[in-house]
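Subject: Structure for your files

Dear colleague,

Here is the structure we spoke about, with the sequence alongside. Please open it before reading on, as the notes refer to individual residues.

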Amino acid sequence: AAAGSNVWILNSSIGRQKARISDVQYSGDFDSEDFALLTIDNEIGKPLTLVKVSDPGTYKLEKVFAAGFPGRVIETDESSVPDLVITDGTISSTQKIGGKVSAFVHTAQISPGNSGGPLVNQCGNVVGINTFYTIVESERYFSLTSSELLQFLSQNGLAPRVAAGGCE
């Protein structure tokens, strides 16, 4: 959908909500459809807290949870309301996608539909944004670090809640 157009957000917690896609251009080194800003007129839910990941290597072996609405798991039509699917795993390693963008490789299963969903730590704070997976010799799941998201939000004049460190 194009910037300025309307989309519907549908899940069991918030029901059906109309949102507008904001006209946002990400000017970083990684052109990703996983970063988009939606504007919702109603205040719903509680915003998640982001972790500023300054040294991704320190997160190796941290337990994480991937959340989203994957198409492989959820069969839905316009009359049904999907429920959030959560999988667990650990951060296996970190790497630079394209040599530039910081990402976690983890074992929390993601599928099509999870892209753009949060990767959270045991405290419920966002450490990454699920983006893609590969199946070569084994499945590997990738999430951009939350610092990449913080950069994107900052470039667009937004200041989300950021964890000072540790569980809050």
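The notes below go from the overall fold to single residues.

Confidence

Please keep in mind that this is a predicted model. The mean pLDDT of the protein is 78, and 79% of the residues reach at least 70. Among the elements, strand 8 (residues 118–121) has the highest confidence, at 94, while strand 1 (residues 6–11) has the lowest, with a mean of 72. Where pLDDT is low, the predicted coordinates should not be read in detail.

Overall fold

The protein has 11 strands and 1 helix. Read from the N terminus, the order of elements is β-β-β-β-β-β-β-β-β-β-α-β. Of the contacts in the protein with a separation of 6 or more, 54% are between residues 24 or more positions apart. Of its 168 residues, 36% are buried. The exposed surface comes to about 9,700 Å², and 49% of that is supplied by carbon and sulfur atoms.

Nonpolar cores

The largest nonpolar core has 14 residues; F35, L50, L144, L149, F152 and L153 are the ones that touch the most other members. At least two residues each come from strand 7 (101–106), strand 9 (126–135) and helix 1 (146–155). Helix 1 gives the largest share, with 4 residues. Another core, of 13 residues, lies apart from this one and includes V53, A66, I110 and A163.

Strand 10 and its partners

Strand 10 (residues 139–145) is mostly covered, with 5 of its 7 residues buried. Strand 10 pairs with strand 9 in the antiparallel sense, over 7 bridges. In that pairing F132 has F142 of strand 10 as its bridge partner.

The salt bridge

How many salt bridges does the structure hold? There is 1. The partners are K63 and D88, whose closest N and O atoms are 3.0 Å apart. The pair links distant parts of the chain, as K63 belongs to strand 5 (residues 63–68) and D88 to strand 6, 25 residues apart.

G89

G89 is in strand 6 (residues 85–97). Why does G89 count as buried? Its relative accessibility is 10%, and buried means under 20%, so G89 qualifies. Which residues does G89 contact, leaving aside its neighbours within four places in sequence? They are E62, K63, V64, T107 and A108. One of these, V64, is 25 residues from G89 along the chain, yet the C-alpha atoms of the two are separated by 5.5 Å. K63, another residue in contact with G89, is the lysine of the salt bridge with D88.

Regards

Technical notes
Residues are numbered from 1 along each chain as its sequence is written. This is a predicted model: local features need pLDDT of at least 70, side-chain atom pairs count only at pLDDT 80 or more; totals for chains, interfaces and linings use all residues. Side-chain values use heavy atoms; hydrogens and water are left out. A nonpolar core is a set of buried Ala, Val, Leu, Ile, Met, Phe, Trp, Tyr and Cys residues joined through side-chain atoms within 4.5 Å. Buried means under 20% relative accessible area, exposed over 50%, partly exposed in between (1.4 Å probe, protein chains only). Contact means heavy atoms within 4.5 Å. Accessible areas come from the Shrake-Rupley method with a 1.4 Å probe; for residues, only the protein chains shown count as cover. Two strands pair if DSSP finds at least two bridges between them. pLDDT is the predictor's confidence in each residue, from 0 to 100. A salt bridge is a side-chain nitrogen of Lys or Arg within 4 Å of a carboxyl oxygen of Asp or Glu.
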